[in-house]
Amino acid sequence: MKKLPWMSLGVVALAVAAVAPASAQQKSVAVTAIVEHPALDAVRDGVQAALKDAGYESGKNLKWQYQSAQGNTGTAAQIARKFVGDKPDAIVAIATPSAQAVIASTKTVPVVFSAVTDPVAAKLVSSWEPSKNNVTGVSDLLALDKQMDLVKQVVPNAKRVGMVYNPGEANSVVVVKALEKLLPTLGMTLVEAAAPRSVDVGSAARSLIGKVDVIYTNTDNNVVSAYESLVKVGQDAKIPLVASDTDSVKRGAIAAFGINYRDLGEQTGRMVVRILKGEKPGDIKPEVSTKMELFVNPGAAEKQGVKLSDALVKSAAQVVQ
């Protein structure tokens, strides 16, 4: 039989496809976050940047999906089920509630969590060793003793530390329990105020007026989503705010010694790349972000009734004006 020209082309095309590098083949990554706020948005953008750096680009050789649960755990579960049904090459779950929802929905699709304070306490993994299942990720765990060192630099005579948090968010509960143990050793006490929803943040902060010398905020998603309402209370009642994420300093916190969440996202993205190239998530040990930065906001300090030392301002990676 005479060989037709299109048959030769077909053989060549198949041969090219067989030897094409992994980065040239279509991959699919689905990303979800519990809510949109500057820190979590920076994680998402960092993931996408790391994928692009590795040759995976949306609209070319990467199918990229992103959905926010808008602070609703029910919506987080719906997004998780949809993404699992899509069977992507990896799902990135940003923040504890979204990670819990995704991991509860699949035992097979690779899951990479990010911006989770304590993945063991949140029951995402059983230990900090490789999980041997479909889960790995990057934590934003902070050393709380260093956080309290910063609190004392901002408010040297602080004895009562206020904290507004969502009791339903596992990472916040972990921080509260740790502070309850740590603060007495520093001659300080913790005063808690619950904010189960982001709309509760302002009233929870107001309940601390007259009871605390400073308010410390962790990366609680309800609190960070409504940070401006916390800042208003801090300014009106002259209660200094010290944050754990540097993005909150740009929004009115006095200072934060925290993780750069863009870097955290890029670290997460590099882990996703390893999975896209064939590594099993269960063979990859969960990581912790180690790059810390000090941000200060002297203007916010003045509005909240304190003055930052020159030494603290000079030691900052960024001074927000």
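Visitor: Into which domains is the chain divided?
Guide: This is a predicted model, in which local features need pLDDT of at least 70 and side-chain atom pairs count only at pLDDT 80 or more, while totals for chains, interfaces and linings use all residues. Residues are numbered from 1 along each chain as its sequence is written; side-chain values use heavy atoms, without hydrogens and water. With bounds from an automatic or database domain assignment, the chain is divided into domain 1 (27-141 + 260-290) and domain 2 (144-259 + 293-319).

Visitor: How many residues does the contact take from domain 2?
Guide: The C-alpha centres of domain 1 and domain 2 lie 27 Å apart. Contact (heavy atoms within 4.5 Å) takes 20 residues from domain 1, and from domain 2 it takes 15 residues.

Visitor: How many residue pairs are in polar contact between domain 1 and domain 2?
Guide: About 1400 Å² is buried between the domains (accessible area, 1.4 Å probe, lost on putting the two parts together, summed over both), and carbon and sulfur atoms give 62% of this area. Salt bridges (Lys or Arg side-chain nitrogen within 4 Å of an Asp or Glu carboxyl oxygen) across the interface number zero. For polar contacts (N or O pairs within 3.5 Å, in protein one able to donate a hydrogen and the other to accept it, sequence neighbours counting only through side-chain atoms of both), with both residues at pLDDT 80 or more, the count is four.

Visitor: Which helices each supply at least two residues of the side of domain 1 that touches domain 2?
Guide: Helices (H or I, at least four residues) and strands (E, at least two) are DSSP runs numbered from the N terminus. Those supplying at least two residues each to this side of domain 1 are helix 2 (38-53), helix 4 (96-105) and helix 11 (261-276).

Visitor: Which are the edge strands of the six-strand sheet?
Guide: The six strands form an open, parallel sheet in the order 2-1-3-4-5-11, where pairing requires at least two DSSP bridges between strands. The strands that pair on one side only are strand 2 (62-68) and strand 11 (287-288).

Visitor: At about what angle to strand 4 does helix 4 run?
Guide: Strand 4 (residues 111-116) runs parallel to strand 5 (residues 135-139), joined by five bridges, and Val111 has Val135 as its bridge partner. Helix 4 lies across strand 1, strand 3, strand 4 and strand 5. Between N-to-C axes fitted to C-alpha atoms, for helices over the stretch in contact, on a scale from 0 to 180 degrees, helix 4 makes with strand 4 an angle of about 160°.

Visitor: Why is one side of strand 7 left without a neighbour in the sheet?
Guide: Seven strands form a mixed open sheet in the order 7-6-8-9-10-12-13. Strand 7 (189-194) stands at an edge, so one side is left without a neighbour, because strand 7 has a single partner strand. Over six bridges, strand 7 pairs in the parallel sense with strand 6 (residues 160-165).
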